[in-house]
Amino acid sequence: KGSAPMETGEVFKFTVMQGVMSQLSDMYGDEGYAFTNVIPTTDTHPEEGVVDIRFDIAKGEKMWIGEIDITGNDPTFDKVVRREIPLNEGELYSTSKLNEARYRLNRLGFFETVNISTPASSEERTLDMNVDVVEKPTGSFSVGAGFSNLENFVFTANVQKNNFLGLGYTLASAANIS
């Protein structure tokens, strides 16, 4: 996924190896293994200018999502936040779905910051999901006045709220008088 894998005969690049390690960890993370460790073992052959790389993978145990706790979402309702999280309580852990939730919550435009953490739950092989958001102002108000030789005075006012009543609706109103 993402980039071409490392192949025999290529020039060794540490950043490529780190990318492959991250991809392997994410691949197992999508199968429910939240604590996968990917450890590269290298054997160098300086006289030939060759490095042999072997990845040792410790998957750990499969993990499930426990409670999803949402904080900082005032005035936004929990249901608006939850509909953007593609994971449900009791579902198998997935790294890509966790990253997608972070992306979708940021894309809403209602929050300054979105922090998602997965601390251990009181239940065995379960991780709780803490979603902590910081609301940002989502409304605007503008008033204007002008003068035109056709219509003399012109007055305008605009009001817009992107997260109306915390439900995720957009409300806008504009008035022009001339």
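Is Leu165 buried or exposed? Leu165 is exposed, with a relative accessible area of 58%. Here, buried means under 20% relative accessible area, exposed means over 50%, and partly exposed lies in between, for a 1.4 Å probe and protein chains only. Leu165 sits in the loop between β7 and β8. Its phi is near 60°, a positive value in a residue other than glycine.

The model is a predicted one: local features need pLDDT of at least 70, side-chain atom pairs count only at pLDDT 80 or more, and totals for chains, interfaces and linings use all residues. Residues are numbered from 1 along each chain as its sequence is written, and side-chain values use heavy atoms, with hydrogens and water left out. Helices (H or I, at least four residues) and strands (E, at least two) are DSSP runs, numbered from the N terminus.

Strand β7 covers residues 152–164. Together with two other strands it forms an open sheet in the order β6-β7-β8, with antiparallel pairing. Two strands pair if DSSP finds at least two bridges between them. β6 (139–148) and β8 (169–177) stand at the edges. Each has a single partner strand, so one side of each is left without a neighbour in the sheet. The twist averages 10° from one strand to the next. Such angles run from 0 to 180 degrees between N-to-C directions, with axes taken as lines fitted to C-alpha atoms, for helices over the stretch in contact.

β7 and β8 pair in the antiparallel sense over eight bridges. The bridge partner of Thr156 is Asn176, in β8. Ile177 also belongs to strand β8. Ile177 is exposed, at a relative accessible area of 57%. Ile177 and Val154 are 23 residues apart in sequence, yet their C-alpha atoms are 5.8 Å apart in space.

A further open sheet of three strands has the order β3-β5-β4. Its pairing is mixed. β3 and β4 stand at the edges, each with a single partner strand, so one side of each lacks a neighbour in the sheet. Neighbouring strands of this sheet are turned by 15° against each other on average, direction ignored. β4 and β5 run antiparallel and are joined by six bridges. Thr113 stands opposite Val134 in β5.

The loop between β4 and β5 holds Arg125. Phi of Arg125 is near 55°, again a positive value in a residue other than glycine. Arg125 is partly exposed, with a relative accessible area of 34%. Another loop, between β3 and α2, contains Pro75. A cis peptide bond joins Asp74 and Pro75, with omega about 25°.

The largest nonpolar core has 20 residues. A nonpolar core is a set of buried Ala, Val, Leu, Ile, Met, Phe, Trp, Tyr and Cys residues joined through side-chain atoms within 4.5 Å. Ile85, Leu105, Ile116, Met129 and Val131 have the most contacts inside this core. Two or more residues come from each of β3 (64–71), α2 (78–82), α3 (95–108), β4 (111–117) and β5 (126–135). β5 gives the most, with four residues.

Rolling a probe the size of a water molecule over the atoms shows where empty space is left. On a 1 Å grid over the protein atoms alone, a cavity is a set of points where a 1.4 Å probe fits but cannot get out. A pocket is an open set with protein on both sides within 12 Å along at least five of seven lines, and lining residues have an atom within 4 Å of a point. Grid points are joined across faces, edges and corners, and a volume is the space filled by probe spheres set on the points.

The largest pocket holds about 420 Å³ of space. Its lining comprises 16 residues, of which Met6, Glu7, Glu10, Phe12 and Ile53 lie nearest the centre. The lining divides into 10 nonpolar, three polar and three charged residues. Ala, Val, Leu, Ile, Met, Phe, Trp, Tyr, Cys and Pro count as nonpolar, Asp, Glu, Lys and Arg as charged, and the others, Gly among them, as polar. α1 (14–29) and β2 (50–58) each supply at least two residues of this lining. β2 gives the most, with four.

Strand β2 also contains Ile57. Ile57 is partly exposed, with a relative accessible area of 32%. Ile57 and Thr36 are 21 residues apart in sequence and 7.0 Å apart in space, C-alpha to C-alpha.
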